[in-house]
Amino acid sequence: SACNLHCAGCYSRHNEATVDCEPVKQLSGEEWGDIFREAEELGVSFILLAGGEPMLRWDVIEEASRIPGIIFPIFTNGTYMGEKYLDLFDRCRNLVPIMSIEGEEDTTDDRRGEGVYAKQISNMEECRKRGIVFGASITVTTENVKEVSSKEFIDSLAERGCKVVIYVEFVPVTDEAQHLAPGDEEREYLKEAIARIR
């Protein structure tokens, strides 16, 4: 429930699911570990970790690393991906960082904050050097749909070693952001772009 960024149009903050103070009533890392082990016993093979910013919970990520039979995509803003996390991802290949990026530098930093794009690119380069499988999560808006689905943008991610691209449709939480929500025209454009990309 915690996050270090204040991204424009964040539904989690708007709904007060993500806060700046210490979140209350959070499961401990050990409790998460119990849930992960129970899931593995039930035959679950894929658990998505998201937030807030999941990398603020080293204890939870560490518990996930102990369950090699489950793949854990970790949706992250990437700002906490330092040496400690990169070493963990290198050792535990069931952890797959999925970094949030909104397009090129101006588009990403405009939504997520100055310097976030540069950090993501640095993370991608480090992951590529180590052979760590990683992906990108892209929030699609009326303003970036053509940019993020262009051959140039996808090629730039691929050249950096990106193996997974997930498009997430922007859902407005305020009237001021309504114009950013993709309509039928943008959805059709993205659908055709994804078919071409595949």
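User: Start with arginine 37. Is arginine 37 buried, exposed or partly exposed?
Analyst: Arginine 37 is partly exposed, with a relative accessibility of 32%. Keep in mind that this is a predicted model.

User: Which residue does arginine 37 meet in a salt bridge at 3.0 Å?
Analyst: That is aspartate 34, with 3.0 Å from N to O between the side chains. Aspartate 34 is partly exposed, at 41% relative accessibility.

User: And what about glutamate 63, which residue does it bridge to?
Analyst: Glutamate 63 forms a salt bridge with arginine 37, and their closest N and O atoms are 3.4 Å apart. This pair links distant parts of the chain: glutamate 63 is in helix H3 (residues 58-65) and arginine 37 is in helix H2, 26 residues apart. Glutamate 63 is buried, with a relative accessible area of 11%.

User: How many salt bridges does the structure hold?
Analyst: It holds 18. One of them joins the side chains of arginine 187 and glutamate 169, at 3.1 Å from N to O. Here too the pair links distant parts of the chain, with arginine 187 in helix H9 (residues 184-197) and glutamate 169 in strand E4 (residues 164-169), 18 residues apart. Arginine 187 is partly exposed at 38%, and glutamate 169 is partly exposed at 37%.

User: Switching to rings. How many aromatic pairs are there?
Analyst: The count is four. One of them is tryptophan 32 with phenylalanine 36, a tilted pair with centres 5.8 Å apart and 35° between the planes. Both residues lie in helix H2 (residues 29-41), four residues apart, about one turn of the helix.

User: Why is the pair of phenylalanine 36 and phenylalanine 72 edge-to-face?
Analyst: Because the planes stand at 65°, and over 60 degrees counts as edge-to-face. The ring centres are 4.9 Å apart. Phenylalanine 36 is in helix H2 and phenylalanine 72 is in strand E1 (residues 72-76), so the pair ties together parts 36 residues apart in sequence. Phenylalanine 72 is buried, at 0% relative accessible area. Trp32, Phe36 and Phe72 form one aromatic cluster.

User: What about the rest of E1, buried or exposed?
Analyst: Five of its five residues are buried, so E1 is largely enclosed by the rest of the structure. Both faces are covered, with Phe72, Ile74 and Thr76 on one side and Pro73 and Phe75 on the other.

User: Which strand does E1 pair with?
Analyst: E1 pairs with strand E2 (residues 95-100), in the parallel sense, over five bridges. Threonine 76 stands opposite methionine 99 in E2. Together with helix H4 (residues 83-91), E1 and E2 make a right-handed β-α-β unit.

User: Last one. Which lysines lie over the face of a ring?
Analyst: Lysine 84 lies over the face of tryptophan 58, at 4.2 Å from the ring centre. Lysine 146 lies over the face of tyrosine 189, at 5.5 Å from the ring centre.

Methods
Residues are numbered from 1 along each chain as its sequence is written. This is a predicted model: local features need pLDDT of at least 70, side-chain atom pairs count only at pLDDT 80 or more; totals for chains, interfaces and linings use all residues. Side-chain values use heavy atoms; hydrogens and water are left out. Rings of Phe, Tyr and Trp (its six-membered ring) pair if their centres lie within 6.5 Å; planes under 30 degrees apart count as stacked, over 60 as edge-to-face and the rest as tilted. Helices (H or I, at least four residues) and strands (E, at least two) are DSSP runs, numbered from the N terminus. Buried means under 20% relative accessible area, exposed over 50%, partly exposed in between (1.4 Å probe, protein chains only). A charge sits over a ring if NZ of Lys or CZ of Arg is within 6 Å of the ring centre and within 35 degrees of the ring normal. Two strands pair if DSSP finds at least two bridges between them. A crossover is right-handed if, with the strands pointing away from the viewer, the path from the first strand over the helix to the second runs clockwise. A salt bridge is a side-chain nitrogen of Lys or Arg within 4 Å of a carboxyl oxygen of Asp or Glu.
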